[in-house]
Each structure stands twice: as C-alpha cells, then as structure tokens.
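Subject: A structure for you to look at

Hello,

I am passing on the structure we talked about, and I hope you enjoy looking through it. Below it you will find my notes on what turned up.

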Amino acid sequence: MPPLLLLVAACATTPPEAPLPEPDPRVVAIHEFTVFADMHAHPSRFHRANIESIAAKEIDVYRRSTIDLVVANISSDMAYDGEYVNRDGSVVEEGRYKPAPGEVYALSADRLARIQRTFDLGYAVHADTPAAVLEARERNQVAVLPALEGGDALEGNIDNLHQMHKNGLRLLQLIHFRNNEIGHMQTWPYSPGGLTEFGRDVVKTANRLGIIIDMAHANDETMLDVLALTEHPVIFSHGGVRHYTDHDRAVTDEQIRAIARNGGVIGVWPHGRHIEDVAEMVDYIEHVIQVGGIDHVGIGSDLRGISKYVKGFDESANFHAIAAELLDRGYSDEDVGKVMGGNFFRVWVAVTDS
Ligand SMILES: [Zn+2]
C-alpha cells in the first residue's frame with residue numbers, strides 16, 4: 001500500500017478515543033464489596049471552564065468504571081495567574097495581577113457552588129459522609145467529594161475553612177503551585193520552610209471538622225510538619241514515585257514510609273508524560289506497596305487536570321485496567337480492592353469517626 005493510503009487506513013481504523021472495553025467481571029466482583037474511589041480529579045475541568053456544573057456525561061465516565069467516589073478539586077491558581085474564562089464569557093489572559101482581598105475565596109466559592117449544582121441537577125450526590133457514599137452506591141449513583149487543591153482560597157482566615165466546610169468541602173489539599181499562607185510547595189521555585197502558624201491552625205481545624213488533609217504538592221518540610229501535628233491519617237492524593245522518576249511531584253521512599261506510619265494513603269497518578277502505560281503505572285503502585293505496604297496506596301487520576309494519560313487508561317478513564325493488571329500480577333481480590341479505593345475510604349472513615 002502506498003504510504004498515503006496506509007495513513008488513511010490507519011486514521012480510519014483508529015478512532016480518536018477508544019471506547020471502554022466491556023467491564024472485567026473479576027473487577028466488577030471486587031467492586032461488589034469495595035468502594036472504588038478516585039482520590040483526585042477535575043471532572044469537566046469545572047473550575048476552569050465557564051460552566052454551571054460538572055456534566056452528566058462526565059459522571060457517566062466514572063459510572064462506567066464503577067467509581068463510587070470522586071474527589072473534585074477546586075484550584076484557585078488562576079486567580080493569580082490568569083488563563084481562565086469569566087462568568088460573562090470574557091477570557092482572563094495569562095499573567096494577571098495580585099487578587100484583591102476576598103477575590104480568591106469568592107472564585108473558589110463559585111466553583112464549590114458548581115459542584116452543588118451538580119447535586120441539585122441529580123447528576124451525582126454529595127459525598128457528605130462515608131455513609132452517604134454507601135447509600136449512593138446502592139442506587140448506582142456516583143458521589144462527588146468537594147475539595148480544594150491549594151488552601152489559597154482561605155486567604156489566611158480560618159473562618160473561611162469553617163464556611164467552606166458548611167458549604168460541603170470535605171477535603172483540603174493544603175498547597176498547590178504557590179507557596180501560600182499555609183506552607184510551602186514541592187515544585188520549582190523551591191523555598192525552604194514548612195507549615196506556618198496559620199497552617200498549623202488549618203491542620204488542627206481540619207482534624208476537628210473531619211476534613212481530609214491532602215499533602216500533594218507540599219514540600220518535604222511541610223509534609224513532615226503535617227505528619228507530626230495531625231491526629232488523623234492524611235493522604236498524598238496524586239503523584240509519582242521518586243524510585244522510578246526523578247520528578248518534583250514524585251514521593252521519596254522516606255515519604256512513603258512516613259505516610260504509611262501515619263496510616264495514610266498515597267495516590268499514584270496515570271500521568272502520560274511520566275508513565276507510559278497501565279503496566280508501568282502498576283509498577284509504581286507496586287513500589288508503594290513494597291515500601292509502605294498494601295494499606296497505603298490508591299489512585300488519583302487527575303482526570304482533566306493533565307493533558308495526557310497513560311496508555312490503556314486514556315481519556316476514557318479505564319480504572320478497571322489498573323485493577324485487572326494487579327489481578328494478573330497475582331494480587332488478591334481484597335488487596336486490589338484496597339488499591340481501587342478501599343484504603344482511601346478507610347482514611348475518610350477514620351477522619352470523620354473521631
Ligand atoms: Zn495536582
């Protein structure tokens with residue numbers, strides 16, 4: 001075949017997005033007794049896109065993968081950096097200005113309202129408590145857990161955490177791509193320092209309110225400060241492992257061990273720019289298992305938050321492929337269930353129980 005025809009043939013046979021294969025019955029059987037969870041996502045890019053709510057179609061993406069619980073993250077970096085769409089449709093260019101007092105909170109509160117609208121429209125239910133998720137499962141409904149990716153929205157005022165908790169917030173990732181009032185970030189430009197005084201107040205208040213603390217994007221000092229202070233297990237929702245990739249957002253073996261000692265969970269991501277395919281992602285998961293133990297690993301897809309996913313997971317978010325790969329490597333149903341969400345759910349129960 002001449003090269004051009006070959007190309008045409010290839011295009012014709014390769015749809016832009018492969019449909020999800022039939023659910024793996026072995027994985028469906030595990031789901032019968034385990035909550036499946038995505039520890040970190042940006043469904044419908046709801047915090048950046050100018051939309052009313054997370055789309056019903058996006059919730060279906062999760063339902064097809066039998067994911068019961070999705071952590072939906074609001075990042076507010078764009079209030080500082082620009083590059084987003086306003087309510088009136090106007091585009092805010094990159095590199096803007098210092099936000100006015102109250103502006104970052106207001107932007108985040110608006111995104112929290114979009115999650116609430118997703119519930120009002122009946123597309124998903126509020127992951128208000130672990131019990132609410134178990135009830136939603138019975139009705140084949142997906143539960144969405146509202147989260148902040150970076151506590152910048154608190155603007156250094158603890159009242160804002162109380163208010164957001166009242167409005168449904170259940171998880172707080174302390175830091176994102178900026179050093180904020182709480183602590184220091186993991187990525188360049190690096191800065192020394194851990195939790196601030198306000199950060200300590202935030203950790204204690206989150207403990208008291210039963211808000212899950214997420215240390216993703218926090219630097220080593222901040223993580224160690226959180227681990228020393230928190231009365232509850234914490235998570236590191238999404239990232240790689242330093243053993244396989246020398247990347248800022250990857251956790252070291254010492255960090256894995258420290259989070260495991262705390263009873264927490266590390267979410268491995270399917271980031272297609274760092275990891276090739278599902279098999280390699282499962283190598284990462286296995287590394288966390290070997291260093292920290294089976295009780296301390298989960299999955300944080302970062303869905304719609306990154307531009308490329310590992311092969312076999314793809315934009316269609318094939319969570320079952322990860323479980324199937326673990327089963328093929330000889331892990332028991334119980335262990336696979338822990339990775340698929342059982343561990344994360346256990347942490348949430350612990351955080352809300354006391
Ligand atoms: Zn992130």
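This is a predicted model: local features need pLDDT of at least 70, side-chain atom pairs count only at pLDDT 80 or more; totals for chains, interfaces and linings use all residues.

Histidine 287 has a relative accessible area of 5%; that is under the 20% cut-off, so histidine 287 counts as buried. Setting aside residues up to four places away in sequence, its contacts are Val241, His243, Tyr244, Asp253 and Ile256.

Helix H11 also has a helix packed against it. Its partner is H12 (residues 319–328), with an angle of about 65° between the two and their axes 9 Å apart. That angle makes H11 roughly perpendicular to H12, and the crossing is right-handed. On the H11 side you will find Val278, Ala279, Met281, Val282 and Ile285, which meet Ala321, Ile322, Glu325 and Leu326 of H12. Sorted by class, this contact has 8 nonpolar residues, 1 charged residue and no polar ones.

Next, the metal site. Which residues coordinate the zinc ion? They are Glu149, through OE, and His217 and His238, each through NE2, at 2.0 to 2.3 Å. Along the chain these donors follow the spacing E-x67-H-x20-H. Histidine 217 belongs to the loop between strand E8 (212–214) and helix H9 (220–229), while histidine 238 belongs to strand E9 (residues 235–241), so the two histidines tie together parts that are 21 residues apart in sequence. Both histidine 217 and histidine 238 are buried.

Helix H9 deserves a look of its own. Its buried residues are Thr222, Met223, Val226, Leu227 and Leu229. These pack against helix H8 (197–209), strands E8 and E9, and helix H10 (253–261).

Is leucine 171 buried or exposed? It is buried, with a relative accessible area of 0%. Leaving out neighbours within four places in sequence, leucine 171 is in contact with Val71, Leu145, Pro146, Ala147, Leu148, Ile211, Ile212, Asp214, Ile235 and Phe344. For one of these, leucine 145, the C-alpha atom is separated from that of leucine 171 by 7.4 Å, although the two are 26 residues apart along the chain.

Best wishes

Notes: Residues are numbered from 1 along each chain as its sequence is written. Side-chain values use heavy atoms; hydrogens and water are left out. Donors are N, O and S atoms within 2.8 Å of the metal (3.2 Å for Na, K and Ca); water is not among the atoms, so sites may look incomplete. Helices (H or I, at least four residues) and strands (E, at least two) are DSSP runs, numbered from the N terminus. Buried means under 20% relative accessible area, exposed over 50%, partly exposed in between (1.4 Å probe, protein chains only). Contact means heavy atoms within 4.5 Å. Axes are lines fitted to C-alpha atoms, for helices over the stretch in contact, and angles run from 0 to 180 degrees between N-to-C directions. Angles under 35 degrees count as roughly parallel, over 145 as roughly antiparallel, 65 to 115 as roughly perpendicular and the rest as oblique. A crossing is left-handed if the near helix is turned anticlockwise from the far one by less than a right angle, and right-handed if clockwise. Ala, Val, Leu, Ile, Met, Phe, Trp, Tyr, Cys and Pro count as nonpolar, Asp, Glu, Lys and Arg as charged, and the others, Gly among them, as polar.
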